[in-house]
Amino acid sequence: MTQSAWPTAPAQDPPPVPIPFRLRVPDADLDELKARLARTRWPDEAPDSPWAYGTSVDWLRSLVDYWRSGFDWRTHEAALNAWPQFKVPLGGIDLHFLHVPGKGPAPLPLLLSHGWPGSVLEFMKLIPMLTDPASHGADPADAFTVVAPSLPGFCLSFAPGQPRLGCEAIADVFAQLMTEVLGYRSFVAQGGDWGAFITSRLAVSHPERLLGIHLNLLALRRDPTPVANASAAEQQYLRELAIFLAEETGYQAIQGTRPQTLAFGLTDSPAGLAAWIGEKFRAWSDCGGDPFRVFSRDELLANISLYWLTGAIGSSFWPYYSRAHNPWPIPAGQRIEVPTAYAAFPREILRPPRSLAEQTYNIQRWTEMPRGGHFAALEQPDALARDIRTFFRPMRSRD
């Protein structure tokens, strides 16, 4: 089967037509960013260990200095523009997405969904490993055609005043993108963070369209209450969950209840935005306390800059507000029967055991990764790509 012969959805109403897109940030916006960085008003730091109460002042000073005087946005803008990009009106917004053709005998359509505080820039190393496996020492028969949207409300899928969408609505928009707009009758999907929730919700709402899903975070209900006859692994997970809920969810509380108030500070201060996002890249990655062990300054700042230059940080909070005020996206008592793979990275924010995961997902593959954390596509792209290729390989013969 050639790429063009992959099964397509039957035509119904005329679908919206994607428009090619290229990003070009005005020079004036970059100059204004540097001016704001130069005028940063710095807080003091509590006389204790750096990072004990949040982002280290010295670490952020160094990052901001590089952002102002050494970082070259145009390099990252050009790298993003090297991929085919489009916008299409769906769900009341102009949805931005990458649509990168695979290089192989029959590339499999793959929907790739990012999370918060990430963006499609997380996938810059992963995409070529999936679309052109032969160039990375893998079998060209394992090629994917990758569709990677910017989540609605995030960065390039944001415009002031547009509707806010929770992960349930985003899943419906992505299903429409893949089938009605791009014409794929069936496809596979992968995601972490909110991308894992969206991918899981797709499997709930549109299981007939999915051949399988691959996750690097599991959207399990977060109830730390001890359960009868819990195994040692389950007891350990419940203890870790209780600590996470007590100590690591302050950002969820404010983003899920007062997102507008927080948006003022982070939309007005680039240093504040870098502190808010940078702390999560440190806390959630397998970096041993030093983010630059796994991310370059340029990788981190490219992502932060995209949020800043699009003014999208406030709208990116909306999935948290929606999640806090609506039922869990996987209905109580419902099990996802779409074949599921999970890549278990050791420094993921939550690491439920397989016994609990199988109550919610039809787990067909469970891979314990030797290293890596929450930002798997950036931290361990080779390992993630191998696991994705391996899991979806048997599904390529299905119509």
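Which hand does the crossing of α10 and α11 have, left-handed or right-handed? In this predicted model, local features need pLDDT of at least 70 and side-chain atom pairs count only at pLDDT 80 or more, while totals for chains, interfaces and linings use all residues. Residues are numbered from 1 along each chain as its sequence is written, and side-chain values use heavy atoms, with hydrogens and water left out.

Let's start with helix α10 itself, residues 270-283. Its 14 residues reach 20 Å from first to last C-alpha, close to the 20 Å expected at 1.5 Å a residue (1.5 Å times one less than the number of residues). Of these, 10 are buried (under 20% relative accessible area, 1.4 Å probe, protein chains only), including L273, I277 and F281.

Here are its two helix partners, with angles that run from 0 to 180 degrees between N-to-C directions.

| Pair | Axes come within | Crossing angle |
|---|---|---|
| α10 and α11 (residues 297-310) | 10 Å | roughly 130° |
| α9 (residues 259-268) and α10 | 5 Å | roughly 115° |

As for the opening question, the crossing of α10 and α11 is right-handed. P270, L273, A274, I277 and F281 of α10 meet L300, N303, I304, Y307 and W308 of α11, where contact means heavy atoms within 4.5 Å. By class, this contact has nine nonpolar, one polar and no charged residues.

Helix α9, in turn, is roughly perpendicular to α10. Here L262, L266 and D268 of α9 touch P270, G272, L273 and W276 of α10, and these divide into five nonpolar, one polar and one charged.

Terms used. Helices (H or I, at least four residues) and strands (E, at least two) are DSSP runs, numbered from the N terminus. Buried means under 20% relative accessible area, exposed over 50%, partly exposed in between (1.4 Å probe, protein chains only). A crossing is left-handed if the near helix is turned anticlockwise from the far one by less than a right angle, and right-handed if clockwise. Ala, Val, Leu, Ile, Met, Phe, Trp, Tyr, Cys and Pro count as nonpolar, Asp, Glu, Lys and Arg as charged, and the others, Gly among them, as polar. Angles under 35 degrees count as roughly parallel, over 145 as roughly antiparallel, 65 to 115 as roughly perpendicular and the rest as oblique.
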